[in-house]
Amino acid sequence: MTATQSRQEPGKIISLAEEHRQADNLWLDALKRLARNRMAVLGLIIIFLLILTAIFAEQLAPKSYEVQVLTDNNAAPQWVIDLFPVMKSIEDGGYVKVSNNYPLGADDLGRDILSRIIYGSRISLAIAFVGPLVSMLLGVPLGLAAGFFGGRVDNIIMRIVDIFYAFPTLLIIILMMAYFRGAFNESSQAGTLGYTLYLADRAMGGMLFIFIGVGLTSWVGLARLTRGEVLSARERDYVLAARSLGATRWSIMFRHVMPNVVGPLIVAETLTIPVYIRYEAFLSFIGLGVNRPTPSWGSMISDGAQTISSYPNQAIFPAIALFLVMFAFNFLGDGLRDALDPRMRGVD
Amino acid sequence: MGRYIVRRLLQMFLVLFVVSLLTFATMRAVPGGPFSTEKNLPPRALAQLEAKYNLDEPLYMQYLHYMGDIAIPRLTENRLPPSVLNDYLINIYIPGIDKTLRWMNFGPSYKSVSQTVNSIIKNTLPVSATLGTGALIVAVFIGIPAGIIAALKRNTRWDYAAMSVAIIGVSVPVIISGPILRYVFGVQLKWLPPTGWGSFEHMIMPAFALGFAESARLARLTRASLLQVLNEDYIRTARAKGLHERIVIGVHALKNAMIPVVTTLGPLFAFLATGSFVAELIFGIPGMGKFFVVSITNRDYPVIMGTTLLLATFVILANLFVDLVYVWLDPRIQYS
Amino acid sequence: MTGKFARFVSLTLVLVLVLSFAASTITAQEGKKVLIDANALGASDVPTLDPSLATDTSSIQVLIETNPGLTRTNEITLVTEPGMATWEVSEDGLVYTFSILPEVPWVKYNPETDAVEQVLDADGNPRYVTAEDFAFGIRRSIGGQLGSYYGGIMAGWVLNGKEVYDGTKPVEELGVKALDTYTLEITATRPAAFLPSIFGMWQAYAQPAWVIEEAGDLWTEPQYFQGYGPYTLKDWVHGESVTLIKNPFWPGTDTIPVATIDEVRLMILDQSASLANFEAGTADISQVPLADLDRIRADATLSEALYIGPSGCTYIYGINTAKPPVDDVRVRRALSMTVNRQALIDNVLKGGQTPAYFFSREDILAAAPKAADYPQYAITEDVEAAKALLQEYLDERGITLEQMEPITLMHNESEGHARIAQAIQQMWAENLGINVTIQTQEWGTYLETIKNNESAPQVFRYGWCLDYTDTHNFLYDVFHSSVRELGISWSDENAQRFDQLVEQAMSETDLQKRTDLYAEAEYLLTNASAAVIPIYFYTSLNMTQPWVTRTYSHFGQQYYEKWDIDMAAKP
């Protein structure tokens, strides 16, 4: 649409074909720049490996995530005991059972922590993608519209944002869990929407409602951020120039404003990923997390935190996994930002 | 600008109204009630409690009563019988007619029998707000300098180091960092009291745990935004004019780059100031977060409503403040 | 910019430091004995200090010290002893006459003088605790229209109590009378061995009518609160702590001596926070997080400080006997027989708990049968027999295990319940091949779910703690068909027999005969009908610093007036 219109504008020098070529180059350039950024590539590789881990969890995990060996509760291999100064094995007059059967140790029910981290990547990665997805789909367009059109549009959208900011998500999550988990039991009601949701939630280990809760609130921050950036960008010289050249609003919005605000947005979004995982850990902490024994990093971190002064490995290893994801997403995010920044062309 | 602020403040009440309606509807739809306990309350007792708190009325009446108690000022006798039902936030004595004008009664707490929402907020908000401010100071003092360093030394070891630290901060939730800090500095080294509230020493660990986790966000936003701004024409112009690099960055670039940072800071402060449940639990702090989360599990309706409305007010005011700061940071921004 | 920045930083730091000095004004007075107990209250605020409304252990802990009852349960022998009164009972066991300790003054802490002062009446005379104050407390709990839970419990035992509670008779007709200043007469509805224990409960504590009239429902706040016990309320920082201060006007009795510790600070802290304070030396008494038990036991100093004693609670799995497949007693028995309780205790709970085969808390409750003494009644863990029972059931229905209806095991969310549920889930899977689904619900929702036979799942977690030290409080108060509202829809002929047995035991006076009756009732509940799966009896875990001399209460609340602290030994 924008292209058709701009082609007919008098005084416009660029032809449609040229525009396309330029756009292609833009993306190709971006990709090239991304490939040159070592840290970003490393991030990309890590994310790719993590996705593979999640997919092939059954093949990769050395043990089952749910089978307990009660007598091996809290056992840890020697190297873990050596790693954490607070842990002392029973042989040394301490309390930790030594068992090299578990590469990272066993949890309080004698389940392999490594296997649980591997399986837990499924839920945690899912959360890492759901939050940003929802906020990109809802938050960015709404923020863009609010900032760009201003006035009444801005006002209405931002008041909705205010409402969602303040509304207690915890209530919604409890409500959904109570309603769907309580109202539907194995029997009856097959085929209804509620029952389908109940089944979906059960299949996802109790994560569906956490996803919905995360989705409901995740977009508001990004919407405000986008708006703030757009407010500033729309008054810049190049936008004014484009406007004076007669470019349409849509064209200005997507062609000139959007690329200029996208950097901080990507960064902000990669930063909110741990916020979502933290939120899941928080829900586990107050007792509203995933259905057990389904593992997730958030619930492992929150359970492990209870025993952190005795068995730090139970919380630290899942936290390291989380750090790895964060590390990857952050440097990939930075790389993307740099690569997509139109003014970065030719800088490197 | 003045008219804009007035209009925003008026709109605040509309937003608060919608928030109250949504919250009321949701919390009443959640199963379980404030008086359901493990042991069965005799029906007679339940009826008595419901009568005391007007819970025997139809739902819409309960909502209207609740909103009326908050919104409608009342002219009353000077001395009201002391009761959790009579706690008004604003009491103005009117000498001429020898009566007292009272306004904003947020209701009693059903679970803390001798407390009202007003008294809970009076007791806990100063605690949470102090801690929140401390955490924000930590976040800003770690986050923004780290971001600046990373941006100026882009793709060097400095950048990677600053960002890695930031990522550690954001990947280690308070659930972990809190107990670790408590163990190391409170138990092992005994430098700081492990838990409690009341002195500066008590604030250090929780403020650091909360602030460090948030500093990463600020660091990375600062970095990204500053990089963006440094390539702007006017910065190049400023540089070309031979202005000192410090002035270019400190005055021109940084000011403009703060927009996304400030956007995040506004609501961040609102959330930190109204309490963090996890930090309060780990460090034994009598703040608002604990009361808020517990009120939800207890179905303590007035406390849920009161704390939500307070948070909403904070968020709205913080966002309004942020919008005003935009104009100062970037004079090109205008509100029509 | 640097200069400005530096100035800003230093200014902020100075400001912060000034503020911190202003704030840190807490000073300990020389020679004062102060005890910090981080084990008494738990992680959330004390709900109320109103004896008529108190329902939870932390409220009662405070009240038991500030407003002792007519009778008092000894914390170790669990015998009902004189508290504020000695008593005589009429021959028919119906009329109790309490002689109240004379001239015990009502007291109040005055923050201005930092001292506990006597409360004076309008004429300037000290107010003493009278029979009328106790009568007022009982009348208020039962007839005060306050929605008092324990007022409702007591109503069943005091003449005309039910009618007064329901508002069909005026409160004056309640069977409670002040015969003179220090003599109180309570007429019971029927005789029972444990009535003195019930009359000593908090809902029957003396209450200051004049304060309640003046301050309404705010009377329990420190600025109004009045007490008379060995300690009184000094401060209550909501969500942080309750501070008790020694009452110098308490005369001291054989059962409630004069306190030696001047001040007891009860901290509101979660388990791991309380242990951190203990290890740092900033708390004298601590809770024991199960997660840290291994480390505590292995540590030379910490293991010395650890004490594990019995506690008056039972952990059970309730069964909704209306839902297939647990509507068949064979399935229920098979489930109960395949819970390896000792393995659970050794590997998951670790707190020295006792395996439970009966519901009533043995060793604590009067007339509670011990499963070991009644082997013919107690259910036994026997995997082979359980398998056979299940197979018999399946054969009878002509189905396979896979065709059997799925079983849901539900618990309210908590890390501890989750661990137990997962361990038992695996035991059933290994031993019987039954794969139960674990569901968790948030507390408020959970209560709603399990109290209703329709919505209660097949198996759900439940616990019960004593209100008074008699087996009646467990078997009758929870499972008699007139009171039972749990999702336990047990209603076969055994249930009727159970009702008869617990009714009979209520009025039986011979302890051995009562115990036998309860043993048979337990047999019906936990074995013949297997309507519940008893899992374990709770223990109470305590950490105590070596400089504290104390008693260990077996029922939950502590009597601090019997403790001492050696402040000199405290580092």
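Let me begin with a definition: two residues are in contact if their C-beta atoms, placed from the backbone, lie within 7 Å. The model is predicted, and local features need pLDDT of at least 70, side-chain atom pairs count only at pLDDT 80 or more, while totals for chains, interfaces and linings use all residues. Residues are numbered from 1 along each chain as its sequence is written, and chains are lettered from A and ligands numbered from 1 in the order in which they are written.

In chain A, 73% of the contacts with a separation of 6 or more are between residues 24 or more positions apart. Chain A has 14 helices and 0 strands, where helices (H or I, at least four residues) and strands (E, at least two) are DSSP runs, numbered from the N terminus. Of its 348 residues, 52% count as buried, that is, with 20 or more other C-beta atoms, placed from the backbone, within 10 Å of their own.

Turning to chains B and C, each gives 50 residues to the contact between them. On the side of chain B, helix 2 gives the most, with 6 residues, and that side divides into 22 nonpolar, 18 polar and 10 charged residues. Here Ala, Val, Leu, Ile, Met, Phe, Trp, Tyr, Cys and Pro count as nonpolar, Asp, Glu, Lys and Arg as charged, and the others, Gly among them, as polar.

Finally, chain C is divided into domain 1 (45–229) and domain 2 (310–539), with bounds from an automatic or database domain assignment. Between them, 11 residues of domain 1 are in contact with 10 residues of domain 2.

Definitions and conventions:
Buried ≥ 20, exposed ≤ 12 C-beta atoms within 10 Å, placed from the backbone.
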